[in-house]
Amino acid sequence: MTDLSHYRNIGIFAHVDAGKTTTTERILKLTGKIHKTGEVHDGAATTDFMEQEQERGITIQSAATTCFWRDHRFNIIDTPGHVDFTVEVYRSLKVLDGGVGVFCGSGGVEPQSETNWRYANESEVARVIFVNKLDRMGADFLRVVKQVKDVLGANPLVMCLPIGIEEDFVGLVDLLERKAYVWDDSGLPENFEIVDIPADMVDKVEEYREMMIETALEQDDDLLMAYMEGEEPSIEDVKRCIRKGTIALDFFPTYCGSAFKNKGVQMVLDAVVDYLPCPTDVEPQPLTDEAGEDTGERAIVSVSEPLKALAFKIMDDRFGALTFVRIYSGVLNKGDTILNSFTGKTERIGRMVEMHADDRNEISSAQAGDIIAIVGMKNVQTGHTLCDPKHPVTLEAMIFPEPVISIAVKPKDKGGSEKMGIAIGKMIAEDPSFRVETDEDSGETILKGMGELHLDIKVDILNRTYGVDLIVGQPQVAYRETITAPIEDSYTHKKQSGGSGQFGKIDYRIKPGEPGTGFVFSSVVVGGNVPKEFFPAIEKGFKGMMDQGPLAGYPVLDVEVELYDGGFHAVDSSAVAFEIAAKGAFRQSMPKAGPQIIEPIMKVDVYTPEDHVGDVIGDLNRRRGMIKDQEAGVTGVRIKADVPLSEMFGYIGHLRTMTSGRGQFSMEFSHYMPCPQNIATDVIAEAKALKEAK
């Protein structure tokens with residue numbers, strides 16, 4: 001069995017265009033996994049193997065690969081940077097022990113870096129930081145370090161300093177070893193010399209080295225006291241302290257370089273080995289009961305424990321369905337029978353493979369700490385737990401964000417429907433943030449996703465990968481309805497048609513709930529006027545009606561229903577009668593409770609050069625945006641605003657026009673807010689027209 005202390009499960013994540021995929025390519029080249037480096041801008045990067053990724057030069061789905069450095073096994077996941085695909089980052093972080101956060105030396109901490117950093121904090125993943133692209137115009141390592149402190153609230157531990165900057169960037173000084181590494185112009189990562197520290201940098205190196213050692217030694221009081229008294233700690237001791245602090249998330253070792261020019265990547269690899277945790281160093285995964293509640297137990301990472309593994313990604317490719325699995329404990333062999341604790345069904349393991357982007361190596365067994373793919377599993381979905389049938393357990397599940405935008409699609413020809421159905425089934429399994437519904441009245445297929453780019457890519461995949469030609473409708477906003485006024489009301493359902501009848505009387509209060517609570521039902525009936533066994537039926541009746549609001553038929557949010565009295569008949573009352581009474585009550589009372597349309601508000605983060613700030617703010621105001629914050633950086637200004645989603649369609653085109661192509665933005669769902677009256681009127685009229693057309 002492999003020694004688990006030699007495993008590193010790491011992810012590489014950052015904002016769009018900070019150089020994650022290029023960094024991954026350099027790591028694979030340095031570790032001997034590939035012999036020719038592919039470039040992202042040529043569409044030849046190993047981990048960007050989808051056609052859509054190669055054309056657009058962005059990463060869409062996380063890719064897994066395995067390589068070795070200093071006798072340590074790295075399982076690496078290269079994640080997307082674009083906000084529409086954050087689900088890929090989130091689910092990758094869920095199964096990783098450590099990460100490398102890549103930041104652009106000139107762009108610094110960009111909008112998406114924040115989201116990814118927040119996800120990593122929530123998942124408690126230890127990280128090292130790599131400030132990339134120091135050869136670019138406007139690059140400034142120490143400015144980015146300050147941004148990491150100010151914007152992310154993190155504590156970067158500077159481990160090296162760059163020699164030269166922008167086009168003069170030639171190498172870096174390792175503060176711990178007091179060594180200067182200088183690369184030649186060949187662009188080969190191994191062509192460097194160890195030279196004396198440049199004379200003009202000696203003081204600065206000593207200053208930063210002292211800060212680094214003091215921060216590190218805070219992890220060990222005895223060493224810190226000795227250091228204060230003038231005793232120099234050994235490099236081994238400092239490294240041990242840095243490792244301890246990194247795993248505890250007290251600070252993040254920070255490196256710099258240029259992945260594209262092959263400078264500085266080795267130090268990052270060394271840092272992964274020296275400072276990032278192995279599978280046994282991290283807090284084990286929590287176990288939950290059937291309802292998803294934490295049981296207080298943990299999945300102990302050990303080869304000798306029963307099998308516990310989490311399926312974190314499904315991918316469909318030319319060889320069939322691949323289920324990516326992180327094994328937390330135990331051993332998995334080819335031919336084993338395992339239990340899916342979510343479905344309660346067992347499956348036999350046929351083929352197991354070790355992934356290298358879209359290539360694979362067959363393996364016959366895997367163990368705790370491994371990230372592998374299993375071929376041809378039937379009923380497994382993202383977030384399911386796979387375990388030993390004799391020791392059933394459930395690992396903490398994944399929670400995915402709700403989609404905020406939808407489009408209607410239909411195949412151009414009749415033969416395309418079946419093809420589209422099969423393709424969409426596979427795509428939903430691959431991406432839990434992608435949902436599909438069929439509009440029963442119109443028969444149209446509604447695709448729902450996290451943003452315009454997300455759905456654009458999905459349509460492209462349907463077209464090219466699965467050969468389905470689609471007619472695509474306009475993007476639709478996920479409007480919702482709610483109420484504004486409390487109401488007290490009564491409803492009686494009576495039906496007599498020979499034999500036993502139906503009777504159910506309910507007295508109830510309906511009032512607006514707290515934002516984000518959805519539907520809440522409670523009962524304060526005393527004295528048995530409505531027997532307790534009918535409460536679930538009444539709740540079910542109200543809840544079933546929440547899908548269609550009184551104004552435009554949108555789902556209803558944030559409503560509290562309280563049952564306070566009622567009446568029943570010893571013979572004629574039944575659960576069905578009370579359920580029908582609740583449905584009638586909803587229809588009767590909701591229009592009286594001040595119903596209103598609410599719309600999704602997006603948290604928008606715009607980056608613009610300074611000379612266009614006025615235009616961008618003016619444009620956001622015209623889009624009914626509320627400006628929350630502005631932050632001036634060296635290369636431009638970041639504007640944060642809350643803007644209704646309905647005003648943001650096609651925004652990237654406008655932004656690029658206004659900023660001569662230099663603006664960027666990201667957005668994610670924030671909350672729902674009431675629509676202005678004129679817009680609500682249009683939404684209701686549109687919904688009515690649609691109904692009549694059907």
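Tutor: Helices here are DSSP runs of H or I with at least four residues, strands are runs of E with at least two, and both are numbered from the N terminus. Keep in mind that this is a predicted model.

Student: Fine. Where does Asp-274 lie?

Tutor: Asp-274 is part of helix H9, which covers residues 265–275.

Student: Buried or exposed?

Tutor: Asp-274 has a relative accessible area of 17%. The limit for buried is under 20%, so Asp-274 counts as buried.

Student: And what does its side chain make a polar contact with?

Tutor: With the side chain of Lys-239, at 3.5 Å. If you set aside neighbours within four places in sequence, the residues in contact with Asp-274 are Arg-70, Lys-239 and Arg-243.

Student: Let's zoom out. How many helices and strands does the chain have?

Tutor: There are 16 helices and 37 strands. The chain has 694 residues, and 54% of them are buried.

Student: Now sheets. What is the order of the one with S7 in it?

Tutor: S7-S8-S9-S10, an open sheet of four strands with antiparallel pairing. Strand S7 (160–163) and strand S10 (192–195) are at the edges; each has a single partner strand, so one side of each has no neighbour in the sheet. From one strand to the next, the twist averages 25°.

Student: How many bridges join S8 to S9?

Tutor: Four, between residues 171–174 of S8 and residues 179–183 of S9, running antiparallel. Within that pair, Leu-172 is opposite Tyr-181 in S9.

Student: What sits in the loop between S8 and S9?

Tutor: Arg-178 is in that loop. Its phi is near 55°, which is a positive value in a residue other than glycine. With 38% relative accessibility, Arg-178 is partly exposed.

Student: Where else is there a positive phi in a residue other than glycine?

Tutor: Arg-624 has one, with phi near 65°. Arg-624 is found in the loop between helix H14 (613–622) and strand S35 (626–632), and at 26% relative accessibility it is partly exposed.

Student: Back to sheets. What is the strand order in the one with S26?

Tutor: This open sheet of four strands runs S26-S27-S25-S28, with antiparallel pairing. Strand S26 (435–438) and strand S28 (470–477) are its edge strands, each pairing on one side only. On average, neighbouring strands are turned by 25° against each other, direction ignored.

Student: How do S26 and S27 pair?

Tutor: Antiparallel, over four bridges, with S27 made of residues 445–449. Thr-438 has Thr-445 in S27 as its bridge partner.

Student: Which strands does helix H10 touch?

Tutor: Helix H10 (residues 416–430) packs on the sheet and touches strand S25 (405–411), S26, S27 and S28. The direction of H10 makes about 145° with that of S25. Helix H11 (residues 452–464) also packs on the sheet, touching S25, S27 and S28, and its direction is at about 130° to that of S27.

Student: And S29, which residues point which way?

Tutor: Arg-480 and Thr-482 point one way from S29 (residues 480–483), Glu-481 and Ile-483 the other way, and all are buried. Strand S29 pairs antiparallel with strand S34 (residues 595–608) over four bridges, and Ile-483 is opposite Pro-595 in S34.

Student: Switching to helix H12: which of its residues are buried?

Tutor: In H12 (residues 535–545) they are Phe-535, Ala-537, Ile-538, Gly-541, Phe-542 and Met-545. Their cover includes strand S31 (502–512), strand S32 (519–523), strand S33 (559–567) and helix H13 (575–589).

Key: Residues numbered from 1 in each chain as written. Predicted model: local features only at pLDDT ≥ 70, side-chain atom pairs only at ≥ 80, totals over all residues. Heavy atoms only, no water. Buried < 20%, exposed > 50% of the residue type's maximum accessible area, 1.4 Å probe, protein only. Polar contact = N/O pair within 3.5 Å; in protein donor to acceptor, adjacent residues only side chain to side chain. Contact = heavy atoms within 4.5 Å. Pairing = 2+ DSSP bridges. Axes fitted to C-alpha atoms, helices over the stretch in contact; angles between N-to-C directions.
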